[in-house]
Amino acid sequence: MTRERRRALVGVVGGILLANSGSYIWFPVLVATLGGSDSGFWAGVVMCMTYVGRLLATFCYEGIAARSGIRTAVFLGTALEAVALGLMGFADGVLVYSVLAFFIGFGSGTSFPGLKNVLVSFPEDERPKAFSAFQMAGQVGLFGGALLGAVLADVELRTLFTVVFVFFAGFCLITSALLPRDGSARAPDTAGGRVPLFSLAAFKGIEVRGATRYFLLSAAFWSLSLGFVVGIPLHMEEYVPGWAPSAPFWITGLSILVLQYPLFQLFSKRFSPGAVMAVGLAGMTIAFVAFGAGRTAPWVVVGCLTVVLGEILFVPSFDLWISRRVPEHRLAKAMGAMHFFRSAGNMAGSLAAGILFDLSRSVGVAGGNWYVAALLAAGCALVCLSGRHSGAADGSRRTEDADVTENEGTVRENV
C-alpha cells in the first residue's frame, strides 16, 4: 500500500470512528429524553427524519461530488452534520429537532458514500483490508460512543451536543487533512450538460415484481433493527431508569466485536444462507420476547446478547443469498435495490417503534411493542427457511427467468 493510500485509509478509519462515537453519544440520550417529555411517537419522528435526509442525499451525492470532488463532498457533508448537531443543543421543541435531524441525515448521506468511494478506488487486493478496517472502526466507535454517552446521560443537552460537535469537527479535520485531493472529479459533459445536482433517476429502475419478497425481507429486517435502536432507549427510560439509555449498546457493540467473525464462519460453513438468516432472526425473536416479558435489567442483558445475532448472521448472509440468485451482470442494480429498501425499512422502523411504544402504554399491555416485533421477526425467519434450498447452491448463482432474471427488484446504483 502506497503512502498516499495509507494516509487516506487512516483518514477514512479515523473519520468513521469519530462519527460513530459521536452518533452513539447523542441519539440514545435524545430518544429517551423525548420519550419522557413528549412521546415515543415524536422520538421516532426525529430519528426517522435522519433517514429521510440520508435517503434524499443519495439523489444529490453524485452531482455534489462531480462538481466539488470527493474530498470536498465529504467535508461539506460532515460540516453540515456537525453544525446541525451543534444547534441541537440550543433547539427547543420536537419540530425544530426534526428539521435539524433531517440535515444531520443529509450530511451523513453525503459524507459516508464519499468515504466508501475513497476505499473503492484502492487496488482490488487492498480493498478487503480497507473495508475490514472500516467496519471494525465503526463497531469500536459504536461501543466507545455508547460508553461516553452513559457518562454524559445526565448533563444538559447543550453540553451533550457541544461534545458531539467536537467529535464531528474532528471528523472534518482528519478527513480534510488525510484524504487525497481529487482534482479529476469535475463533472464530465453528459448529453450536452453536467451531471444534474439532483436526480430522481433511481426511481426509474425500481422493478420488484417476482423478487418482491426478497427485498421486502431486507426492509423488514432493517425495520426491526431500527425498531430496536429507537425502542430500547425508550424502554430503558420507562422500565430500567437506573441504567443509562445507551447501556444496551455497550452490550451489543462489544458482542458484535467479539462474535462477528467466529459465529458467522461457524454457521456459514454448515448451513445455507437462508438457514443462517433464519437463525439470526430467531435470535431477534427471542430478544424481543425477553424485552417484552422481562422488562428488567437482567432481561435487557439477555435480549441484547441475542438481538445481535441479526446483525452478525442476517446481514452478510443476505448479501450471499442475493448474490447467488441474481445474475452477475445485474448485481450492481440489485445492490442499489438493497440500499433503497434498507432506507425504507429504517424509516418505517423508526416511526413504528415510537408508535408501538406509545400504543402499548396506552392500552396497558406492558412490552406489547416488543411482542409485535417478535411476531414480525418470527415471520421473516419462516420466509428465510422457505427459500433456504434455492439459496444454498454450492456457490452457483441461480438465474431462473421466472424467479430472478425477469422479475428481480432493481434500483439504479447512485453511490
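Predicted model: local features only at pLDDT ≥ 70, side-chain atom pairs only at ≥ 80, totals over all residues.
Two packed helices are described by the angle between their axes and the distance between the axes. Helix 1 covers residues 3-37, and helix 6 covers residues 127-151. Their axes lie 7 Å apart and meet at an angle of about 30°. Angles under 35 degrees count as roughly parallel, so helix 1 is roughly parallel to helix 6. The crossing of the two helices is right-handed. On the side of helix 1, the contact includes Leu9, Val12, Val13, Ile16 and Leu17. Helix 6 contributes residues including Ala130, Ala133, Phe134, Ala137 and Gly138. The residues of this contact divide into 16 nonpolar and 6 polar, with no charged residue.

The length of helix 6 can be checked. Its 25 residues, at 1.5 Å a residue, should span 36 Å. The end C-alpha atoms are 36 Å apart, which agrees. Several residues of helix 6 are buried, among them Phe134, Gln139, Leu142 and Ala146. The buried residues of helix 6 are covered by elements that include helix 1, helix 5 and helix 9 (247-268).

Helix 3 runs over residues 61-68. Its buried residues are Tyr61, Gly63, Ile64, Ala65 and Ala66. They pack against helix 2 (40-57), helix 4 (70-88) and helix 5 (94-120). Just after helix 3 comes Gly69, with a positive phi of about 95°.

Key: Residues numbered from 1 in each chain as written. Heavy atoms only, no water. Axes fitted to C-alpha atoms, helices over the stretch in contact; angles between N-to-C directions. Helix = DSSP H or I, 4+ residues; strand = E, 2+ residues; numbered from the N terminus. Parallel < 35°, antiparallel > 145°, perpendicular 65-115°, else oblique. Left-handed = near helix turned anticlockwise from the far one by under 90°. Contact = heavy atoms within 4.5 Å. Nonpolar A, V, L, I, M, F, W, Y, C, P; charged D, E, K, R; others polar. Buried < 20%, exposed > 50% of the residue type's maximum accessible area, 1.4 Å probe, protein only. Expected span 1.5 Å × (residues − 1).
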